[in-house]
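Please read them with the structure open.

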Amino acid sequence: MSMKRIESLNDFVVKFANVNGSGSASANELFAKSFLRMGIPVSPRNIFPSNIQGLPTWYEVRVTEKGWLGRRGGVDLMVAMNPQTWSQDVKEIEPGGYLFYDNTKPLPPSKFRDDVNVIGMPLTEISNATFTDARERQLFKNIIYVGALSALMDIEPGVIAELIGEQYKGKEKLLKPNLNAFQMGFNYAGEKLKGMLGLKVKRAYAVGDRIFMEGNAAAALGCVYGGATVCAWYPITPSSSLAEAFTRYCQKLRVDPDSGKNKFAIIQAEDELASIGIVCGAGWNGARAFTATSGPGISLMSEFVGLAYFAEIPAVIIDVQRGGPSTGMPTRTQQSDVLKCAYLSHGDTKHVLLFPEDPHECFNFGALSLDLAERLQTPVFLMTDLDIGMNQRLCKPLQWDDARVYDRGKVMTAEMLDGGKEFGRYLDVDGDGIPYRTYPGTHESKGAYFTRGTSKNPYAVYSEAGADYAYNMERLLKKHDFAKTLLPKPLLTPAREPARFGCIYYGSTSPSMHEALEALADKGIFVNALRVRAFPFQDEIYDFCQSHAKVFVVEQNRDAQLKTLLVNEAGVNPACLISVLHYDGTPITARFIAREISEIVSALNVRPIKKDKAA
Amino acid sequence: MTYVLKPKLHHPMLAKNKLGFTRRDYEGKVSTLCAGCGHDSISAALIQAFFQLDIQPHRVAKLSGIGCSSKTPDYFLGNSHGFNTVHGRMPSVLTGANLANRDLIYLGVSGDGDSASIGLGQFAHVMRRGVNMTYILENNGVYGLTKGQFSATADKGSKAKKGMVNADAAVDTVSLALLMGATFVARSFSGDKQQLTPLVEAAIWHQGAAFIDVISPCVAFNNHPGSTKSYDYVREHNEAVNRLDFWPSRDAITVDYSEGGVIEVPQHDGSIIKLRKLDAEYDPSDKINAITHIAQAAAKGEVLTGLLYLAPDAEDLHQHLNTFEAPFNRLGEKELCPGSALLDKINAGLR
């Protein structure tokens, strides 16, 4: 009996099982990028437990000419380089899929599956025959398997040589052995493993001018372009690489060429309380400041965020969400801080949230959040997650309009004060709920005020009078409502045909959602989809819910957090909302969404049999 | 509860400084602290120092945490911006403010609960970073606003108003500041204006992290006979005022003693604090010497006052970070945004 073989062109999933710290990351990235250079979109994902060295790590590459960038689920080819996770890795392969492994040491037949095609190659033997240094032997083994895979899949070798050339530009000593290792793998597989793999690629034209970038780097760059000068942070997965990217970009883009001085200040603080404290101090004093953190850090920042809300201090907080509660799953993805951030701190508080879908929006919203924070004089949360933040994602190129001017909000200057303009720090003069502020040191005798978290009258004078307190709290509510006019609108993707059902989704769910909508439409299930991009919710979101019989709310958390917010804050009837929830820490897949929605739809379409009244 | 506004009438004969300001221009709202509180004496010393240094009041930013001491920035420099932040977290807010505008003078006001308990971490790290500021710790060993619990600077064995005896070791903020890298470290007593005012002036001039621990007796929650060392006259005085149905009004404790001298200062609670003023020959530039002196004095039951340490080569956070000369809050898109041409290059590198 001949074994089933998955045969696929430009559409498959490869997963690498490696040992952390073995140098596999750069080889795997090289592999992923080679498809892009051949015009075929890819979507890679790092899957790593919370460890540093010696423990398992995985890298999954979805090759997808159609451009579906969500996680697909299932593995067509497993490159099993980690004996520790062998059984688990072999189990994950789709029937008819492939197992590529290092057969330098023979393995008993019990280690294999009879519905999986096995491709063995003596990687260690080949590497050891050429390289003598232990570290080199390990590192080049990775490049050797990339060479072999490129021969098996028909990746153009010139593309890989070009990428290696770019990576080791100016480091000739490293360039040669890397090219050599690649060639060894390529030649071996070309001669001895020919025809063993049914997964092939062919040059396509589906990438266009898109870029390949991590969301954390994009958000950091957005903060550089948006004029952030102060960044205070405390290391926490998965947000640390954001502050590190900000540091790198600033060193390149923000050093004054004449003086050699830095137009930025980055503080790695002692904890998240200090991070947000520094951000509040800088924002109070008129500099644009932000912090990046994840769930546990948000919990710690809660008290300060209440102060910033009540004292009306601009602050940008980037929450790269991971699995909670408590330490939860630090290296896994979730959208489970939505409710917490919306209402963070004690007392009546409500905050502005932004939900970017990819690195492109991380950049745009990063810059926008700094404008919003100063215009609204309040904390603004950029709600990204590990899936967007720590994976390279194909997205539209970043754009900046050179005519753009920063919105510094309502700041009263010395000239305005001298001109006799009335200053009340907490006075609503324009009807939008936003008062004027002064920067410390503005004027010799006018405009100074005492900032406090305790209640005050519109002129910033301490007051416990009920009327003063209520005025202030209602003005804050008015300001929150006004924020809707400044926030990114939700985006509608209409179904191909008139649809009874609607669907609301946000953030990193986006690519899987679009793929699921296509799959559902192919089955005759038509769903209009609305991507929510900000909170407080605009009227369009309410109207969308009203105009559909049922609306699915797709989220990556257990408790349907956005749905709760829709009911609480947009006044949507909960009876018309149906949750589709994914919360195991892996990124949501199109297969999951399509299956859930089609099951619910068919259940809704089943008419109960009318029973005889007498029965 | 600042309901009372001070009249802004100036006596025409009031002395003016070089900028033409009178002392009144450095005052703030009427204090709401208990009469006789040491903290008000510290506010007075601050007013005097800024007046004498000819500093424009609005060029000072006052930041504080939460507590009795942290309320005081409302009671001086009324034309300066003030920020009553979060309990124990003033240092981080001050750090951020300082980064945003390096041209202002930063004054941090805190208490022993604020700095030595909830905010001990931020206290230590702000000293480590060398933030250019004057950090005044108004130290009374007690939580006043929540009515008399011990703070972490309370001496081991001291007795609280409700009768509890403190079994925990005291945090010595001066030693801690020294160890953490503060470049100006001093201690004084709220009642010793002669010593405190020049110390505040020197701290303001210092370009780096300047810390002054000011012992400041609490009149409300140390007014019980809690010590065997009590003076009879204090006790008599106690009894006399305790009949009144509001917080006892006291005269602030003042002291006047010479360099190298020791003075025993009776506190409102009847206990005695032994202050030793540093010799005129004391060399404050030697850090190890400073640490030794403080420890030796403590072993004798004395509290050393004066300028304990002044780093000869102090640097501040802006120097460490090599920041731009112009304040960040004055930079706009022209100075900060790299522009679209560079972004296109970045895009090209990401394909």
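1. Which strands of chain B does helix α5 lie across, and at what angle does the helix run to β4(B)? The helix, residues 120–129 of chain B, lies across β4 (133–139) and β8 (209–215) of that chain. Its angle to β4(B) is about 150°. Keep in mind throughout that this is a predicted model.

2. Both β4(B) and β8(B) belong to an open sheet of 10 strands. The order is β17(A)-β2(B)-β1(B)-β3(B)-β4(B)-β8(B)-β7(B)-β11(B)-β10(B)-β9(B), with mixed pairing. Note that β17 of chain A and β9 (262–266) of chain B stand at the edges; each has a single partner strand, so one side of each is left without a neighbour in the sheet. On average, neighbouring strands of this sheet are turned by 20° against each other, direction ignored.

3. Strand β7 (residues 184–189) of chain B runs antiparallel to β11 (residues 303–310) of chain B, and four bridges join them. Look at A186(B): its bridge partner in β11(B) is L307(B).

4. Now the contact between the two chains. Chain A contributes 70 residues and chain B contributes 58 residues. Together the chains bury about 5500 Å², with 61% of that on carbon and sulfur atoms. On the chain A side, E270(A), E444(A) and F450(A) supply 12% of the area that chain A buries against chain B, more than any other three residues.

5. How many salt bridges does the rule find across the interface of chain A and chain B? There are two. In one salt bridge, D74(B) is paired with R452(A), and the closest N and O atoms are 3.1 Å apart.

6. Several elements of chain A each supply at least two residues to the side that touches chain B. They are β9 (211–214), α7 (215–225), α8, β11, α9 (272–284), α10 (295–311) and β17 (450–452). The helix α9(A) gives the most to that side, with seven residues.

7. Chain A has an open sheet of seven strands, again with mixed pairing. Its order is β11-β10-β12-β13-β15-β14-β21. The edge strands are β11 (265–268) and β21 (534–535) of chain A; each has a single partner strand, so one side of each is left without a neighbour in the sheet.

8. At the β11 end of this sheet, the pairing is parallel: four bridges join β10 (residues 230–233) of chain A to β11(A). C231(A) has I266(A) as its bridge partner in β11(A). Helix α8 (residues 240–253) of chain A lies across β10, β11, β12 (289–293) and β13 (315–321) of chain A. The helix runs at about 150° to β10(A).

9. Chain A is divided into four parts: domain 1 (8–200), domain 2 (213–395), domain 3 (410–488) and domain 4 (491–605). Take domains 3 and 4 of chain A. Their C-alpha centres lie 39 Å apart. Five residues of domain 3 of chain A are in contact with six residues of domain 4 of chain A.

10. What area do domain 3 and domain 4 of chain A bury between them? The value is about 580 Å², with 63% of it on carbon and sulfur atoms. H480(A), K484(A) and P488(A) supply 79% of the area that domain 3 of chain A buries against domain 4 of chain A, more than any other three residues. Between these two domains the salt bridge count is zero. The rule does find two residue pairs in polar contact there, both at pLDDT 80 or more.

11. Some backbone geometry deserves a look. The peptide bond from T237(A) to P238(A) is cis, with omega near 5°. P238(A) sits in the loop between β10 and α8 of chain A. The bond from F535(A) to P536(A) is also cis, with omega near 5°. P536(A) is in the loop between β21 and α17 (539–546) of chain A.

12. Check one residue in chain B as well. D54(B) has a positive phi of about 55°, although it is not a glycine. D54(B) lies in the loop between α1 (38–52) and β1 (60–64) of chain B.

Methods
Residues numbered from 1 in each chain as written. Chains lettered and ligands numbered in written order. Predicted model: local features only at pLDDT ≥ 70, side-chain atom pairs only at ≥ 80, totals over all residues. Heavy atoms only, no water. Pairing = 2+ DSSP bridges. Contact = heavy atoms within 4.5 Å. Axes fitted to C-alpha atoms, helices over the stretch in contact; angles between N-to-C directions. Domains from an automatic or database assignment. Buried area = accessible area lost by both parts, 1.4 Å probe. Salt bridge = Lys/Arg side-chain N within 4 Å of Asp/Glu carboxyl O. Polar contact = N/O pair within 3.5 Å; in protein donor to acceptor, adjacent residues only side chain to side chain.
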